[in-house]
Amino acid sequence: MFSDKDINQIKQKGLTVEKVSSQIELFKTGLPFVNLQSAATINHGILKLSDEEKEAFIQLFDAKRNEYSILKFVPASGAATRMFKSFFSFIEDYNPDQETVNAYINRTKEALLAVFFVGLEKLPFYRIVLDKIEKIYPEYHSSSTDKQRYMFVKTMLDEDKLNYGFFPKGLLPFHLYKEHTATAFEEHLFEAALYASANNKAVLHYTISEKYKDIFDDEFKKIQTIVERKTNTKFEISFSYQKEATDTIAVTEYNEPFRAEDNSLLFRPSGHGALLSNLGDLDADIIFIKNIDNVVVFKYEDEVSEYKKMLAGILIQLQDKAFRYLKKLESQDISQADLVEIAKFLTNKMNVVISSEFEKYANEYQIKYLTEKLNRPIRVCGMVKNEGEPGGGPFWVKDESGQVSLQIVESAQISKKDKKQKEILKNATHFNPVDLVCGTKDYKGNRFDLEQFVDHKTAFITMKTKTGKDLKALELPGLWNGSMAYWNTIFVEVPLITFNPVKTVTDLLKPTHQVK
């Protein structure tokens, strides 16, 4: 299937022929839908804490945080293009001399534009765009409202003007304060000082596109002194990129390798699951994971950080106990009552479904079985009540070997043609806001090899086009989906205030992104 030139290309990417062949095999065999058993709900896979319990976990975290190395991991490689999707169409299709903006909105059903123009002056970059317009369009103030709106969008997005659509999302102006506008990148620093810091030091790791490295560096230099002074915290920032070796091969609709115009193989980035390797490279006892666009203005940061501390407190308590049990299991000095206690801990606290055959196992096999179940990375994940927000959700899932476990599942992984599966999806009460606190070290202090805990069958195939031709692309199991399938998982209800993503530019008009 592969020429010498192909093999050379594969090796240069850091891939092997075996790996690429196995990817092609996945296209041929197809990938199964997940097998949902039921939605995870309160007291059935999702913890709901009382105010007293929440307070106790916050206190536990604050009392112990300086004993741990803490890191915040922020996937931040996305460009802002999708935020402005409707606006690119507007520039393309709208002619201010031929119709009004309202007529365009009615014709195209682009309701977002209406929201945008009503809230225009509240946008964090309103003044920046206006200053730029006045330099480019001297006739702006004497033009009709429709023309002004057209000029505004063009100035905001045109490549030779502000070019906001091609900014990394993390460096767009997000919040407007009295003295300055803050980016999401900056807000993550302020937030990290509150909960992801130890001994007055906060360590943050952003995954970005390599082409943006210099502008992220410049932004940090610009704000470092001010942020460090205001938070009384020293910041250590690092960046990494999606590794080329995580790209996947594209195939034609007949599952043959898709070839570019120069006959080379076409490889594509494989989604956020590719970042598992970046996460595995990081050395910290407690790792917070949160997306770049999920930030709030300063007045809400204390409230949001309380829930992060609560999740971290739960992690500390469970991990402490798990480590004590693992040391006991290793010493072999263990009674039958101890083994029963550990099995109960796994069932009641770690949501692990223990084999119904467990009691029949010989003593040494019980020790081996419990060790294998306990000695895994741990993730404590916030889950928000469903209020029509899109996103994967928490479910009990049965894998091919019949094992049932808690998983975060994307709706694309669920067969909508299967009545029972569709019903389970419909009954989901919570969704995943990507709010994780992870323990990626074992009881001896060594980092886990995270690749060992991936369910490779949860990759998915998507249809794309390249130069007008259809192709099939392979996305790796999502970072918090199948890439963490065999971690020990705890889901905890957190309020909607913790989830404030900016998927479209008009999300910046929501109260959690507005200072006033």
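**Figure 1. Surface and overall dimensions of the protein chain.** The accessible surface of the protein chain comes to about 24700 Å², and 49% of that area belongs to carbon and sulfur atoms, where accessible areas come from the Shrake-Rupley method with a 1.4 Å probe and, for residues, only the protein chains shown count as cover. The structure is a predicted model, in which local features need pLDDT of at least 70 and side-chain atom pairs count only at pLDDT 80 or more, while totals for chains, interfaces and linings use all residues. Residues are numbered from 1 along each chain as its sequence is written, and side-chain values use heavy atoms, with hydrogens and water left out. Taken along the principal axes, the box filled by the C-alpha atoms of the protein chain is roughly 85 × 60 × 45 Å. Of the 516 residues in the protein chain, 54% are buried, meaning under 20% relative accessible area, with exposed standing for over 50% and partly exposed for values in between (1.4 Å probe, protein chains only).

Figure 2. Helix α6 spans residues 111–118, and its buried residues are L113, F116 and F117; helices are DSSP runs of H or I with at least four residues and strands are runs of E with at least two, numbered from the N terminus. These three residues lie on the same side of α6, because they cover an arc of only 90 degrees around the axis, the arc being that of the directions from the helix axis to the C-beta atoms. Among the elements that cover the buried residues of α6 are α4 (85–93), α5 (101–108) and α8 (145–157).

**Figure 3. Close-up of A76 in its loop.** A76 sits in the loop between β4 (70–75) and α4, and this residue is buried, with a relative accessible area of 0%. Leaving aside residues up to four places away in sequence, A76 touches Y206, T207, I208, F216 and I292, where contact means heavy atoms within 4.5 Å. From C-alpha to C-alpha, A76 and D214 are 14 Å apart in space, and they are 138 residues apart in sequence.

Figure 4. N43, in the loop between β2 (41–42) and β3 (45–47), has a positive phi of about 65 degrees although it is not a glycine, and it counts as exposed at 71% relative accessibility. N200, in the loop between β7 (197–198) and β8 (201–207), has a positive phi of about 55 degrees, although N200 is not a glycine either, and at 48% relative accessibility N200 counts as partly exposed.
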